[in-house]
Amino acid sequence: MIQFWFLSVSYILFTALLILVDSYRRTLSFMLKAKSRIREEKSRLNLHFASGLIIAAGTFAFPVSPGPVILGDAFPAIICIALAVFFRLFYAEKNRERASQYLAANKLRMKRLGFACLAAAAVHFLFPSIVLL
């Protein structure tokens with residue numbers, strides 16, 4: 001279904017912007033409120049995590065039509081799962097101090113991760129029927 005294609009692109013793009021908001025605070029100031037809500041409210045973090053898993057399952061189950069049935073959208077689905085788990089681990093309540101230290105110490109890695117997710121979202125948006133293995 002084409003809906004899961006759009007949802008996966010949107011989820012990857014939204015999460016990439018959440019990752020990049022620390023490095024580009026002034027440019028991405030519109031994402032500050034969303035990041036603080038996900039970080040502060042456990043229900044929003046759980047919703048973000050669950051939606052990532054649901055979108056990944058839907059992307060696996062219903063790939064874009066010209067692709068193969070099983071591996072059609074495996075790459076974006078795996079990225080959705082990885083980003084959901086990443087946010088769940090680093091923004092959980094009990095790991096807040098350790099996560100803040102890790103994210104501050106590895107700012108260059110976070111930038112690279114954010115740009116890699118933006119590139120994956122762009123490739124998935126521009127070429128939805130390509131199978132990346």
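Predicted model: local features only at pLDDT ≥ 70, side-chain atom pairs only at ≥ 80, totals over all residues.
Trainee: How many helices does the protein chain have?

Mentor: From the N terminus on, the order of elements reads α-α-α-α-α-α. The chain has zero strands, and its helices number six.

Trainee: What percentage of the residues of the protein chain count as buried?

Mentor: The chain exposes about 7,900 Å², of which carbon and sulfur atoms supply 68%. A residue is called buried when its relative accessible area is under 20%. Among the 133 residues of the chain, the buried share is 38%.

Trainee: Among contacts in the protein chain with a separation of 6 or more, what share comes from residues 24 or more positions apart?

Mentor: Contact here means heavy atoms within 4.5 Å. With the count limited to pairs at a separation of 6 or more, residues 24 or more positions apart account for 70%.

Trainee: Which elements give two or more residues to the largest nonpolar core?

Mentor: This core has 27 residues, and those with the most contacts inside it include Tyr11, Ile12, Cys80 and Phe87. The elements that each give two or more residues to this core are α1 (2-20), α3 (42-61), α4 (74-90) and α6 (107-126).

Trainee: With which residues is Cys80 in contact, leaving aside its neighbours within four places in sequence?

Mentor: Cys80 is listed among the residues with the most contacts inside the largest nonpolar core. Once its neighbours within four places in sequence are left aside, Cys80 is in contact with Ser8, Tyr11, Ile12, Gly52, Ile55 and Ala56.

Trainee: Is Thr15 buried or exposed?

Mentor: Thr15 has its place in helix α1. Leaving aside its neighbours within four places in sequence, it is in contact with His48, Leu83 and Phe87. Because its relative accessibility is 0%, Thr15 counts as buried.

Trainee: With the side chain of which residue does the side chain of Thr15 make a polar contact?

Mentor: A polar atom of the Thr15 side chain lies 2.8 Å from the backbone oxygen of Tyr11. The polar contact between side chains, at 3.5 Å, joins Thr15 to His48.

Trainee: What distance separates the C-alpha atoms of His48 and Arg88?

Mentor: His48 is placed in helix α3 and is buried, with a relative accessible area of 7%. Leaving aside neighbours within four places in sequence, its contacts are Tyr11, Phe14, Thr15, Leu18, Ile38 and Phe87. His48 and Arg88 are 40 residues apart along the chain, and the distance between their C-alpha atoms is 8.4 Å.

Trainee: How far apart in space are Thr59 and Trp5, C-alpha to C-alpha?

Mentor: Thr59 belongs to helix α3 and is buried, with a relative accessible area of 1%. Apart from neighbours within four places in sequence, Thr59 is in contact with Phe4, Ser8, Asp73 and Ala77. Thr59 and Trp5 are 54 residues apart in sequence, while the C-alpha to C-alpha separation is 6.6 Å.

Trainee: Which residue forms a salt bridge with Lys35?

Mentor: Side chains of opposite charge can pair when their charged atoms come close. A search of the whole structure finds two salt bridges. In one of these, the closest N and O atoms are 2.6 Å apart, and the partner of Lys35 is Asp22.

Trainee: How many residues apart in sequence are the parts that the pair of Lys35 and Asp22 ties together?

Mentor: Lys35 counts as buried at 7% relative accessibility, whereas Asp22 is partly exposed at 34%. Because Lys35 lies in helix α2 (residues 32-40) and Asp22 in the loop between α1 and α2, the pair ties together parts whose separation in sequence is 13 residues.

Trainee: What distance separates the closest N and O atoms in the salt bridge of Arg44 with Glu41?

Mentor: Arg44 is partly exposed, with a relative accessible area of 38%. Glu41 also counts as partly exposed, at 33% relative accessibility. In the salt bridge of Arg44 with Glu41, the closest N and O atoms are separated by 3.0 Å.

Trainee: Which element supplies the largest share of the nonpolar patch?

Mentor: A nonpolar surface patch of about 460 Å² is made by Leu53, Phe60, Ile78, Ile81, Val85 and Leu89. Two or more of these residues come from each of α3 and α4. Leu89 is placed in helix α4. The largest share, four residues, comes from α4.

How values were computed:
Residues numbered from 1 in each chain as written. Heavy atoms only, no water. Core = buried A, V, L, I, M, F, W, Y, C linked by side-chain atoms within 4.5 Å. Buried < 20%, exposed > 50% of the residue type's maximum accessible area, 1.4 Å probe, protein only. Patch = residues over 30% accessible without salt bridge, like charges linked within 9 Å, V, L, I, M, F, W, Y side chains within 5 Å. Areas by Shrake-Rupley, 256 points an atom, 1.4 Å probe, with all protein chains shown as cover. Salt bridge = Lys/Arg side-chain N within 4 Å of Asp/Glu carboxyl O. Polar contact = N/O pair within 3.5 Å; in protein donor to acceptor, adjacent residues only side chain to side chain.
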